[in-house]
Amino acid sequence: MLKDDVIAGLSLPQKSLPPKYFYDAAGSRLFERICRLPEYYLTRAELALTRRHLGSIARFAGRGCELLEYGSGESLKTRLLIRALRPAAYLPVDISADALRAATQRLSREFPWLRIAPVHGDFSRPVTLPKSRSRRVVYFPGSTIGNLTPDEAHAFLSMTRGQAARMLVGVDLKKDANVLHAAYNDSRRVTAAFNLNLLARINRELGADFDLRRFAHYAFYNAPLGRIEMHLVSLARQSVRLGLHRFAFDAGESIHTENSYKYSIEEFRALAADAGFTGKKVWLDRQGLFALHGLTAKT
Ligand code: SAH
Ligand code: AVI
């Protein structure tokens, strides 16, 4: 629940908010703009690698499977897979009802033969899925797995292991910190607007009184932990009201809003192995920016 999670997160010594709450209708639209920014190489690199290796990715997944996608958003890369795989069904799972509705409408126009069963749900808890009619393959692109802590990623992979014997997971690779920094500090400030929209959402939905002019977007690469951290930094000493609660901020104090972990191929394979998968297959874009892992459940 948004309200409980916001109160709990703002009561911690390091204030924090779960990144899954970025994605209301406005947040999903902002994320779609991020994907098209020149600095945000992730989407372009994953699209390029999917086009480049489509035949081999499709052979790994197997034609005619049910494609179960977590965090499907606008289902951009999925369209390539759907064309190549001719899946028996497509099950997009997303917390953003708006993104899910728009993607389902677009896909049903583009692929009138495809059975689409959208699931509005939160993948940080067990999701109730429709009964499977044939073999399922899980697709988790976009490096959304990087927004989970390694423990959460382990729990997620353990859950999906019970749902499908094969998984395709998109993972952003470790690289030059300057390239990472630019991707999360774009010159058009769309990422800043995406980050600040979290406070706007809390104002809209919970009637809080965050003054957005008094918080600033801050993102940096934390090299020892191998992750981009996004924060919202209070520009002044201030307090914010949410119902009967008041939260005090010192000048310079931050709310930690997101982690985006970057994994080398070996690091991600080790994480997957701990959760019961072998990662024999991996596909890269020409520039080696992004990886798509083909995981198989250990028997
Ligand atoms: N797969 C798309 C979108 C990635 S953005 C791509 O590769 O471009 C992350 C997506 O995951 C968003 O659509 C967001 O709404 C969804 N999401 C984030 N946390 C979620 C959660 N806990 N449960 C379900 N969906 C979630
Ligand atoms: C969805 N996720 C993989 C994005 C990322 O890169 O971590 C979310 C995002 N945050 C800032 N820009 C994009």
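1. Let me begin at ligand 1, where a polar side-chain atom of D94 sits 2.5 Å from a ligand oxygen atom. That is a polar contact, meaning a pair of N or O atoms within 3.5 Å. K77 does likewise, with a side-chain N or O atom 2.5 Å from an oxygen atom of ligand 1. G71 uses its backbone instead: an N or O atom there is 2.7 Å from a nitrogen atom of ligand 1.

2. A word on the source: this is a predicted model, in which local features need pLDDT of at least 70 and side-chain atom pairs count only at pLDDT 80 or more, while totals for chains, interfaces and linings use all residues. Residues are numbered from 1 along each chain as its sequence is written, chains are lettered from A and ligands numbered from 1 in the order in which they are written, and side-chain values use heavy atoms, with hydrogens and water left out.

3. How much of ligand 1 does the protein bury? Alone, ligand 1 exposes 560 Å², and the protein buries 94% of that (Shrake-Rupley areas, 1.4 Å probe). Around ligand 1 are 18 residues, with G71, K77, D94, D122 and F123 coming nearest (a residue counts if one of its heavy atoms lies within 4 Å). This shell has 5 nonpolar, 8 polar and 5 charged residues; Gly counts as polar, and Asp, Glu, Lys and Arg as charged.

4. Now to ligand 2, which has 14 residues around it; Y40, N147, Y184, E258 and S260 come nearest. The side chain of Y184 places an N or O atom 2.5 Å from a ligand oxygen atom, and S260 has a polar side-chain atom 2.6 Å from an oxygen atom of ligand 2. Ligand 2 alone exposes 340 Å², of which the protein buries 98%.

5. The shell of ligand 2 divides into 7 nonpolar, 6 polar and 1 charged residue. α2 (25–35), α9 and β10 (254–261) each supply at least two of its residues (DSSP runs: helices are H or I, at least four residues; strands are E, at least two).

6. Finally, the largest nonpolar core has 61 residues, and F215 and I255 are among those with the most contacts inside it. Such a core joins buried Ala, Val, Leu, Ile, Met, Phe, Trp, Tyr and Cys residues through side-chain atoms within 4.5 Å, buried being under 20% relative accessible area. Helix α9 (residues 190–206) gives the largest share, 6 residues.

Definitions and conventions:
Buried < 20%, exposed > 50% of the residue type's maximum accessible area, 1.4 Å probe, protein only. Polar contact = N/O pair within 3.5 Å; in protein donor to acceptor, adjacent residues only side chain to side chain.
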